Amino acid sequence: MSTSRKVLALHLGVLAALFLLQFVLPAYHHTNAARIMVLAAYAAGYNVLLGYTGLMSLGHAMFFAAGMYGAGLPVYYLGLGAPAAFGIGIAAGTALALVFGLMALRTSGPSFLIVSMMFGQALYLATLYFNDVTLGDQGFIVSDKLAPLALGDAALGFHEPAVKYNLALLLFAASLAATLALRLSAIGRVLVGIRGNEERTRLLGYDSFRYKLGSLAVSGALSAAAGAGYALLFSYVGSTFASILFSIYPLLWALLGGIGTILGPLVGTALMFYLVDTVSGVTSSYLLFVGAALVALILWFPQGILGTLRNRWLPWLP
Amino acid sequence: MSFGPHLFLALLEGTVSAFVLALIALGLSLVFGVMRIVNVAHGEFYMLGAVLAWVCADAVGTPVAGFMIALVAAPLAVGALALAADRWVLRRIDYHPESTIVATIGLLYMIQQAVLMLYGPDARPVTPPVYFVVQFPWFGYSGYKLVVAGVSALLLVATWLLVTRTRLGLYMRAAQQDLEMAQAFGVPARRVYALVFTLGAMLAAAAGVLIVPIEQAHYLMGLDPLLLSFIVVIIGGLGSLRGTLVAAFAVGLSDGIVSVFFSPTLAKIVATLLVAAVLVVRPGGLFGEERA
Amino acid sequence: MAAVAPILATQSLTRRFGGLTAVDAVSLEVGRGEIRAIIGPNGAGKTTLVGMICGRHEPSSGRILYDGRDITRLRPWQRLRLGIVYTFQVTSIYRGLTCYENVALPAQRGLMQGFAARFAPGEAKVAERVRAALEAVGLAGFEVQRADELAYGHQRLLEIAMALAAEPRLLILDEPTQGLAEGEIAALCELVRRIARAATVLVIEHNMQVVLELAERVTVMDAGAILAEGTPAEVERHPDVQRAYLGR
């Protein structure tokens with residue numbers, strides 16, 4: 001089988017497996033799986049910037065939050081329908097990414113990292129400061145304001161597990177398709193070149209600033225889509241999703257799954273979700289485990305699961 | 001209190017924060033300047049200084065003795081931790097920039113949570129070693145805060161002398177300019193890196209000890225100074241000591257003033273916007289040496 | 001003979017770093033289809049000079065004319081699209097990628113005209129160009145090899161294949177023979193001669209044998225300025241050159 005057929009088969013297979021999974025999972029894991037898929041879309045968005053363009057950000061929660069509040073606020077205050085709210089969420093995240101990129105991408109790597117962290121924190125503080133609108137830390141619920149999705153004759157209520165799961169799957173599938181298409185495209189090649197050696201890539205005919213900005217926009221859009229999806233599917237919108245910890249999670253998930261691989265984010269998110277879940281059952285200081293995991297990964301397992309797999313046995317894995 | 005005196009109060013507050021911020025940011029800037037890495041756990045060294053100061057004060061009992069001991073013991077202890085982190089983690093990943101970020105984030109959470117588990121979630125006060133009031137016509141101002149500013153200034157000067165007058169300082173500046181060249185001339189890079197990282201941590205810890213009688217020791221107190229230090233080094237330019245000091249005063253003063261007149265939260269948001277403004281005009285910071 | 005405009009002309013090109021003048025008011029002209037060698041001791045400013053020509057460095061003063069057009073303000077990628085291609089002194093290939101991917105990056109550039117073509121320039125056409133470039137340098141069949149698994153000599157060839165795939169009209173080679181074995185050097189000279197049939201070549205070299213064999217004209221630099229210019233034989237006999245560089 002040719003490489004491109006193998007790649008297509010693998011990714012379609014993963015999606016099919018995820019689809020079938022909903023019929024065998026018990027209720028608790030059912031919702032978890034939906035959550036994991038939405039968060040994996042967030043990690044996939046993060047991976048576009050880090051894994052394929054080589055830019056590390058510590059403020060990605062701002063894009064997730066932009067999507068979350070961008071979708072949640074119109075529903076809560078205006079009773080807007082889900083599709084429109086989702087669109088606004090993505091638009092908000094993309095716009096933020098573009099503005100941020102125009103300002104921050106001209107600085108060097110370490111500066112970019114620090115600036116992203118600062119802006120992420122500023123947005124988090126803003127959600128707390130404008131308490132009257134955002135209801136800050138406490139957050140708000142959208143489920144009672146959210147009209148069911150109209151599909152032909154059927155009305156799909158967002159509280160129904162099947163609706164949650166399949167919409168989450170749809171979101172993840174879209175992010176998978178987007179990242180895979182990007183990776184395999186000519187633009188994807190340029191991004192990988194920028195990650196490997198930016199100056200060389202510029203001298204080979206590419207305006208690296210424009211490509212980095214584009215990559216940041218896509219990354220922001222995907223993260224915002226995940227945020228908007230999360231708000232609509234799981235109903236809760238709150239400041240915690242804009243905090244620094246929430247910017248560090250996608251880094252952790254992508255690292256564990258394999259930075260620079262397409263399926264890595266899914267693997268990393270799923271594994272970490274259950275690891276944290278298990279550890280939280282034992283102690284409330286599960287963040288100690290998170291910290292230790294980061295150190296251990298970077299010391300002994302920097303390629304992550306799929307990265308190692310790709311290095312040793314499957315060189316064709318995108 | 002009318003506006004004038006209120007402003008004067010804000011300036012005093014701002015000056016004190018500026019000195020302490022300068023101490024913290026200096027540590028961060030030295031580490032980046034010489035080692036080319038960003039230590040995201042830097043704020044936790046500050047927090048550890050404060051917490052260990054509380055532990056000392058609690059153990060010893062008398063405020064003055066406890067504080068003096070803390071001023072020596074806490075930075076030493078934190079320095080030892082930093083040395084260990086350098087030896088067991090940073091050196092193993094060869095000070096690779098991205099890997100160091102990830103590793104120091106991990107260290108941040110490990111230190112923070114360890115303190116939570118051992119010290120608890122409460123904010124605990126420490127009695128200041130000296131207590132006197134400087135009486136201005138409009139208000140009385142805490143004499144200890146002025147002492148903090150003074151001691152910070154001393155430490156800043158001491159560090160400046162270390163960097164410009166000692167052999168270690170010479171090695172540091174050589175390594176910052178051109179590491180390969182420095183090594184060719186016999187500068188022991190690894191040892192210099194270990195010492196610089198330790199020094200940075202000790203400066204942060206000292207700041208923590210100084211601040212704890214004013215603020216309380218709390219396991220989450222490292223985040224705000226970290227972000228403020230980040231703002232300082234971005235505005236001042238990563239790697240420029242002079243820039244760090246100037247920016248620390250600009251940021252410290254403005255943060256102090258906005259905090260007094262409005263709110264600390266707004267102050268942070270304003271500071272971030274300030275950074276954005278600087279970056280639009282000068283991507284390298286005000287005094288920055290931009291490394292490609 | 002009718003005067004044909006030179007493909008490249010610099011006018012008083014200067015580059016200062018702080019207090020140091022790396023390139024001092026250099027004015028040179030390179031004719032179309034010429035093979036020009038730039039020689040000089042270390043620190044003479046050769047790499048900085050060509051760095052300004054390809055866009056890596058901004059000149060402190062002076063102008064660069066390419067095909068009669070002032071390109072001094074153009075960015076590096078814009079110059080590449082005009083046909084100015086630079087290969088690095090220290091091998092600058094993409095280590096973790098295959099040879100195919102290394103060459104595909106410059107190869108696809110020419111095909112990415114227009115909005116749709118940016119996303120999908122046509123992989124078959126890209127593959128064709130990659131194959132042609134690898135064959136031209138003698139690396140046919142190395143497509144799936146990882147670049148960092150290649151022998152040093154082959155890595156240098158890969159770098160040239162990448163340059164070829166970028167469709168150069170002015171190819172700048174910065175010390176291409178450094179670290180190569182005898183036989184590899186000879187093969188490289190053959191390759192450069194073939195390339196020069198369709199493009200102008202500017203070569204920075206320390207290996208005098210190569211210079212004497214390849215170059216039609218030689219520019220000698222020292223301390224940032226041009227010391228002498230002429231045919232290899234003329235330059236070899238030049239008293240200043242002998243004193244400063246050849247050590248006689």
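**Exercise 1: where chain C meets chain A**

Work out how many residues each chain gives to the contact, and which elements of chain C take part.

*Solution.* Start with the two sides: in this predicted model, chain C brings 23 residues to the contact and chain A brings 15 residues. Next, look at the chain C side by element: α2 (76–81), α3 (99–109) and α4 (115–119) of chain C each give two or more residues. Among these, α3(C) supplies the largest share, six residues. Finally, sort this side of chain C by class: 15 residues are nonpolar, three are polar and five are charged.

**Exercise 2: the two domains of chain C**

Find how chain C is divided, and describe where its domains touch.

*Solution.* Taken over C-alpha atoms, their centres are 25 Å apart. Now turn to the contact, which takes 10 residues from domain 1 of chain C and nine residues from domain 2 of chain C. On the domain 1 side, helix α7 (residues 182–195) of chain C gives the largest share, three residues. By class, that side has seven nonpolar, two polar and one charged residues.

**Exercise 3: a look at A:Val75**

Is A:Val75 buried or exposed?

*Solution.* Begin by locating A:Val75 in helix α3 (residues 61–78) of chain A. The cut-off for buried is 20 or more other C-beta atoms within 10 Å. A:Val75 has 27 C-beta neighbours inside 10 Å, so it counts as buried. Leaving aside neighbours within four places in sequence, its contacts include A:Leu80, A:Ala85 and A:Leu146. A:Leu146 lies 71 residues away along the chain, yet the two C-alpha atoms are separated by 6.4 Å.

Notes: Residues are numbered from 1 along each chain as its sequence is written. Chains are lettered from A and ligands numbered from 1 in the order in which they are written. This is a predicted model: local features need pLDDT of at least 70, side-chain atom pairs count only at pLDDT 80 or more; totals for chains, interfaces and linings use all residues. Two residues are in contact if their C-beta atoms, placed from the backbone, lie within 7 Å. Helices (H or I, at least four residues) and strands (E, at least two) are DSSP runs, numbered from the N terminus. Ala, Val, Leu, Ile, Met, Phe, Trp, Tyr, Cys and Pro count as nonpolar, Asp, Glu, Lys and Arg as charged, and the others, Gly among them, as polar. Domain bounds come from an automatic or database domain assignment. A residue is buried if 20 or more other C-beta atoms lie within 10 Å of its own, exposed if 12 or fewer, and partly exposed in between; C-beta atoms are placed from the backbone.
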